[in-house]
Amino acid sequence: MTKVLIIDKLHDAILPILEQENIEVTYNPGIAVEEVPNVIKDYNGLILRSKMKIGVELLELAPKLRFIARAGAGVDEIDEEYLQRRNITLLNAPEGNMDAVGEHTIAMLLCLMNFLHIGNTEVRQKLWLREENRGHELSTRTVGIIGYGNMGKAFAKRLIGFGCKVLAYDNGKSNYGDEYAQEASLEQIQKEADVLSFHIPLNKENKHLFTKDYLGAFNKPIYLLNLARGEVIPFSTIEWGLDNGKIIAAGLDVLENEKLHTLSEDQERIFNKLCDDNRVIFTPHVGGWSFESYEKISTVLGGKIIDLLKK
């Protein structure tokens, strides 16, 4: 019998999917990180969200492991190279939260372009400033999407109704243009984009991808959106872009360092500066974190696990 250990809180929908296939499930979301190495040796599968990094030291204690399943999209906390050497399958569930990410990205963009966060605060202060809060229409703009997987496509799909031009760039794919976005080079996006949205994984190539040189190559000032991984865009690039008029406004669901009590001195300085800048809005890494996606991630992941075990 296949034995699976779940170490994070997941939607209950995953349990009957696995159990109806006679998989023995140990659901222990309360397990401490330091306890996992003591029990992992008995399991064929490990399911987690973001409780801990999965590296060589832990994996060498799991001789029976056949798969690791991440309840979410990003897998940057898991040692993929080691899994490949051991022939351990890595599963994730971007299909489960792509709709939430697409909608959240739209929400952040419309908020920035129409000063919704500013107007809300001012009215609460009994300030009725109409001209100062005159917004911009998305229909006249060109939106550039970096990364055209599940998340990028979900965003592009929702942009169609606004009538704007959508350009997508993905250096890991070819012939990916569709009814939602036109395939484009990075140079074309840098030339034409009014809005830039990141939907790429964090890896060695993408860490600190968005440099001052990268941003400086854009012909026009942009609205910047990041719902990918914070380390793709350093704090310093955001600061430089805002200070030099290259970034009109920024919607950040992720940050270079999300453990805010561990910010370096320079990160602390920039973070405080961004907090005081009403051109910047933050959300706490919840772009894919809806009530609906919580269930969908579990059902998608459960289905992928069953398909794998039936091979």
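This is a predicted model: local features need pLDDT of at least 70, side-chain atom pairs count only at pLDDT 80 or more; totals for chains, interfaces and linings use all residues.
Local features need pLDDT of at least 70, side-chain atom pairs count only at pLDDT 80 or more, and totals for chains, interfaces and linings use all residues. Residues are numbered from 1 along each chain as its sequence is written, and side-chain values use heavy atoms, leaving out hydrogens and water.

**Exercise 1.** How many helices and strands does the protein have, and why is it as compact as a globular protein of its length?

*Solution.* Start with the elements: there are 12 helices and 12 strands (DSSP runs, with H or I over at least four residues for helices and E over at least two for strands). Next, take the radius of gyration over C-alpha atoms. The value of 21 Å is close to the 19 Å from the globule rule for 311 residues, so the protein is as compact as a globular protein of that length. That rule is 2.2 Å times the number of residues to the power 0.38.

**Exercise 2.** What share of the residues is buried?

*Solution.* Apply the cut-off, under 20% relative accessible area with a 1.4 Å probe and protein chains only. Buried residues then make up 48% of the 311.

**Exercise 3.** What is the strand order in the open sheet of seven strands, and which strands stand at the edges?

*Solution.* Pairing requires at least two DSSP bridges between two strands. The order is β8-β7-β6-β9-β10-β11-β12, with parallel pairing. β8 (182-183) and β12 (280-282) each have a single partner strand, so one side of each lacks a neighbour in the sheet. Now look inside: four bridges join β9 (residues 195-198) to β10 (residues 222-226), and Phe 198 stands opposite Asn 226 in β10.

Terms used
Buried means under 20% relative accessible area, exposed over 50%, partly exposed in between (1.4 Å probe, protein chains only).
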